[in-house]
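I opened the model to look up a few side chains and their surroundings, and I note below what I found.

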Amino acid sequence: MFPMTSSSAPTDLDRQVLEFLQRAFEVARAGDAAELRVMLDQGLPLNVRNQKGDTLLMLAVYHSHLDATRLLLERGADASIANDMGQTPLQAAAFKGELPMVQLLLDHGVDVESRGPTGRTALMFAAMFARLDILELLLERGADLQARDSAGTSALDAARTMNAQPSVTWLEERLARSSG
């Protein structure tokens, strides 16, 4: 598709490929779904990653571009790929407080319990930043209130650590209902 040469000196083709990829990341960040569609049709690898490990999908999600995100999901982008910070697109949407984005991802089959390398779930990110509307949606979609990350931290623990009192209250009420 985009062959790279074996010599150590960059060729014109190498520069063209790098410029094309750099432009693709800019397009995803800007949310230009029409241009992104053209680039995908030209052979842009769907799950290509930048120097920070961000995929096109992660950039579209993080910058709140619903149309670009929808396009990438419809084309089969892998929403389970975590960036170098260990964050998946669903976690990024929860962190940013983007309810429509969380809904879009879940509606396209993203696992509500998907985890990055740290084991954190979107519920944990939403709890840390008092995103109550997202907490509610994630719970409706099957999120596990008692899930723990690789350090043994739950969403309630994370909310307490971040002093996100609305989340602490919300989570304590739900946990009391589920155990009673």
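I began with Glu-35, which is partly exposed at a relative accessible area of 25% (buried means under 20%, exposed over 50% and partly exposed in between, with a 1.4 Å probe and protein chains only). This is a predicted model, in which local features need pLDDT of at least 70 and side-chain atom pairs count only at pLDDT 80 or more, while totals for chains, interfaces and linings use all residues. Residues are numbered from 1 along each chain as its sequence is written, and side-chain values use heavy atoms, with hydrogens and water left out.

I next looked up the partner of Glu-35 and found a salt bridge with Arg-23, the closest N and O atoms being 2.8 Å apart (a salt bridge is a side-chain nitrogen of Lys or Arg within 4 Å of a carboxyl oxygen of Asp or Glu). Arg-23 lies in helix α1 and Glu-35 in helix α2 (residues 33-41), so the pair ties together parts that are twelve residues apart in sequence; helices are DSSP runs of H or I with at least four residues, numbered from the N terminus.

I then noted that Arg-23 also meets Glu-26 in a salt bridge at 3.5 Å, N to O, and that Arg-23, Glu-26 and Glu-35 are linked in a network. Arg-23 and Glu-26 are three residues apart in helix α1 (residues 12-30), which separates them by about one helical turn. I recorded Arg-23 as partly exposed at 36% and Glu-26 as partly exposed at 35%.

Finally, I checked Gln-87, which lies in the loop between α4 (66-74) and α5 (89-96) and counts as buried at 10% relative accessibility.

Notes:
Helix = DSSP H or I, 4+ residues; strand = E, 2+ residues; numbered from the N terminus.
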